[in-house]
Amino acid sequence: MYFVRTAAERDLEKVRALLVESFHATYDDLHGKARVDELIAHLLSPPALKARLQRKDAEFLVADDGRNIGGMGYAVMSKELTKTVMLHLLYVSPALQRQGIGRDIFAELETCFPDAEIMRLEVEPRNAAAIAFYRAHGFTEVGRNENKAPGQSGIPALIFEKALEGH
């Protein structure tokens with residue numbers, strides 16, 4: 001049984017291992033292992049994960065069974081969009097998918113931002129499993145981001161949004 005809780009610094013090594021495994025399982029066929037390795041080095045370095053953990057306007061959650069981290073989620077209040085929380089990471093170990101872990105993490109993240117009216121995320125257009133998950137959880141497609149600006153991945157993404165409860 002996995003329980004969702006706030007991540008701690010002691011979790012970061014296991015979280016990074018889960019993310020590396022998940023990124024390769026999800027994106028290697030779409031972008032190639034070398035490109036995925038570049039993304040991991042840039043987005044998931046230990047300092048990058050620690051910086052996310054320390055943000056005051058963010059929630060960094062893990063699903064923990066007492067021994068292993070089975071999933072993780074990370075969301076942050078948008079600085080650009082009013083009353084909008086950005087879901088940046090929601091990953092479950094490939095071996096544990098379709099057991100409700102992602103649903104439980106997502107449900108907790110929805111409650112963590114009482115001032116937010118909208119949750120927004122970007123998803124790789126060919127990631128059919130993630131798109132199906134988000135649609136099943138009430139998200140609708142609202143646009144597209146080509147991610148061509150300096151410092152961005154250059155990988156296009158679909159933008160999805162959902163109105164949060166009570167709004």
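**Exercise 1.** Which residues of helix α5 (residues 128–136) are buried in this predicted model?

*Solution.* Step 1: take buried to mean under 20% relative accessible area, and exposed over 50%. Step 2: under that cut-off, the buried residues of α5 are A130, I131 and Y134. Step 3: viewed down the axis of α5, these buried residues fall within an arc of 100 degrees, so they line one face of the helix. Step 4: an α-helix has 3.6 residues a turn, so residues three or four places apart point the same way. Step 5: the exposed residues A128, A129 and A136 sit on the face of α5 turned away from its buried side. Step 6: the cover over the buried residues includes β4, β5 and β7 (157–163). Step 7: just after α5, G138 takes a positive phi of about 95 degrees.

**Exercise 2.** Give the strand order of the sheet and identify its edges.

*Solution.* Step 1: the 7 strands form an open sheet with mixed pairing, in the order β1-β2-β3-β4-β5-β7-β6. Step 2: β1 (3–6) and β6 (140–145) are at the edges with a single partner strand each, so one side of each has no neighbour in the sheet. Step 3: from one strand to the next, the twist averages 25 degrees.

Technical notes:
Residues are numbered from 1 along each chain as its sequence is written. This is a predicted model: local features need pLDDT of at least 70, side-chain atom pairs count only at pLDDT 80 or more; totals for chains, interfaces and linings use all residues. Side-chain values use heavy atoms; hydrogens and water are left out. Two strands pair if DSSP finds at least two bridges between them. Helices (H or I, at least four residues) and strands (E, at least two) are DSSP runs, numbered from the N terminus. Axes are lines fitted to C-alpha atoms, for helices over the stretch in contact, and angles run from 0 to 180 degrees between N-to-C directions. Buried means under 20% relative accessible area, exposed over 50%, partly exposed in between (1.4 Å probe, protein chains only). The arc is that of the directions from the helix axis to the C-beta atoms. Contact means heavy atoms within 4.5 Å.
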